[in-house]
Amino acid sequence: AITGAGPDSSHPTHRRPISCARAMPAKRPRYAPRLDSALARIAALAVHSTMPAAAPPPLLGTHDGHFHCDEALACAMLAMLPEFGGHALLRTRDAPALATCKVLVDVGGVYDPPSKRFDHHQRGFDQTLSECGRSIKLSSAGLVWRHYGKALLAQLTQPEALPPADLDVLYAKVYTDFVEHLDGIDNGVDAGVGGQAYAVGSSLPARVNALNPAWNEEASPEELNEQFKTAMELAGGELVSCVLRLCTQWWPARRLVADALAETEVAAAALPAAEARVRKQLLQLDGGGCPWQGHLLALEEERKVPLALAVKYVLYADSRGQWRVQATPTEEGGFHSKLPLPEPWRGVRDEALSALVGLDGCVFVHAAGFIGGHQTREGVASRR
């Protein structure tokens with residue numbers, strides 16, 4: 001059940017019912033044409049081990065030999081940008097040849113954005129994406145994302161023109177969701193503390209690494225280049241899929257949460273002060289499966305909402321048409337709630353829960369108190 005907290009009428013889930021008039025939003029269809037066109041740019045890139053013959057095209061450069069995910073992704077990102085259309089890729093450690101390249105990634109021992117040199121192996125390198133509040137040392141992937149990520153997002157999201165503020169949010173989100181862990185892995189930064197509880201053998205860096213020849217396998221430079229290009233397509237494809245997923249699923253959820261917060265403010269403004277304070281702590285989302293946690297926490301942080309007035313419960317429909325009340329976590333994905341559902345309800349189900357709450361149609365309250373369910377919208381909105 002669902003929206004109550006026992007006999008304490010000051011609990012945010014009591015008193016006046018929430019309006020239930022709005023219709024569920026239409027689902028947005030999946031699509032992938034921009035993924036195909038982005039991968040076509042990578043596929044069109046010629047990869048060489050030596051300087052091309054007379055009148056060579058402008059060159060992107062990286063090292064030859066064993067490759068990792070960070071430079072595969074860095075090269076893929078550059079290849080997808082119109083700025084570098086018509087370029088070829090040179091994989092070598094020959095310094096004079098590398099000096100002719102317009103861009104160098106993961107080789108050369110220099111980080112110098114004006115000359116488009118993006119290496120992270122040199123002694124004393126300590127760059128992080130501090131402008132987004134991140135502290136993991138950047139690899140070549142993170143360096144290219146830092147300087148070309150927004151241009152790539154603008155390219156991948158055409159024909160939509162993202163406002164600068166939206167672009168900034170998406171730029172930071174793609175980094176934390178996708179690029180940052182590649183930086184950490186390439187720089188030898190453990191994902192957690194206390195040792196490794198289990199091995200992860202199917203990560204993107206692991207799959208890229210598997211494209212290298214085995215230690216006891218012969219491979220020509222041409223074969224290595226083909227494998228590196230496959231790695232670029234793999235890493236680039238997953239990056240673009242991440243961007244499209246965020247644009248078509250995550251970003252619409254942010255707007256839905258922002259709209260719901262605005263409606264909450266309007267509803268609260270029409271109530272007496274004491275009831276308004278309670279109403280502001282309840283949020284109803286008309287979007288089943290909407291990933292709301294990170295958006296709600298971020299929007300409240302941006303607006304400097306004090307904890308006392310922060311949303312404590314979110315109401316929404318699940319995929320089966322039943323309704324849920326979920327306590328707001330203190331951090332995205334966590335199970336520690338700002339205000340768990342009442343302890344006497346936890347672990348109780350169905351008729352026993354309905355009798356305890358005094359409301360027919362209750363389904364369950366989780367034993368940890370972070371989520372509960374009711375059969376109907378009206379039931380979950382009834383604050384007994």
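Student: Is Asp106 buried or exposed?

Tutor: First, a word on what you're looking at: this is a predicted model, where local features need pLDDT of at least 70, side-chain atom pairs count only at pLDDT 80 or more, and totals for chains, interfaces and linings use all residues. Residues are numbered from 1 along each chain as its sequence is written, and side-chain values use heavy atoms, leaving out hydrogens and water. Now, buried means under 20% relative accessible area, exposed over 50%, and partly exposed in between (1.4 Å probe, protein chains only). Asp106 has 3% relative accessibility, so it counts as buried.

Student: Where does Asp106 sit, and what is its phi?

Tutor: Most residues other than glycine have a negative phi. Asp106 has a positive one, near 65 degrees. You'll find Asp106 in the loop between strand S4 (103–105) and strand S5 (111–112). Helices (H or I, at least four residues) and strands (E, at least two) are DSSP runs, numbered from the N terminus.

Student: What about the phi of Lys304?

Tutor: Lys304 isn't a glycine either, and its phi is positive, about 55 degrees. Its loop runs between helix H9 (293–302) and strand S8 (313–317). Lys304 is exposed, with a relative accessible area of 70%.

Student: Which residues does Leu283 touch?

Tutor: Contact means heavy atoms within 4.5 Å. Not counting residues up to four places away in sequence, Leu283 touches several residues, including Val257, Leu261, Leu296 and Tyr313. The C-alpha atoms of Leu283 and Leu261 are separated by 6.8 Å, with the two residues 22 apart along the chain. Leu283 belongs to strand S7 (residues 282–284) and is buried, at 0% relative accessibility.
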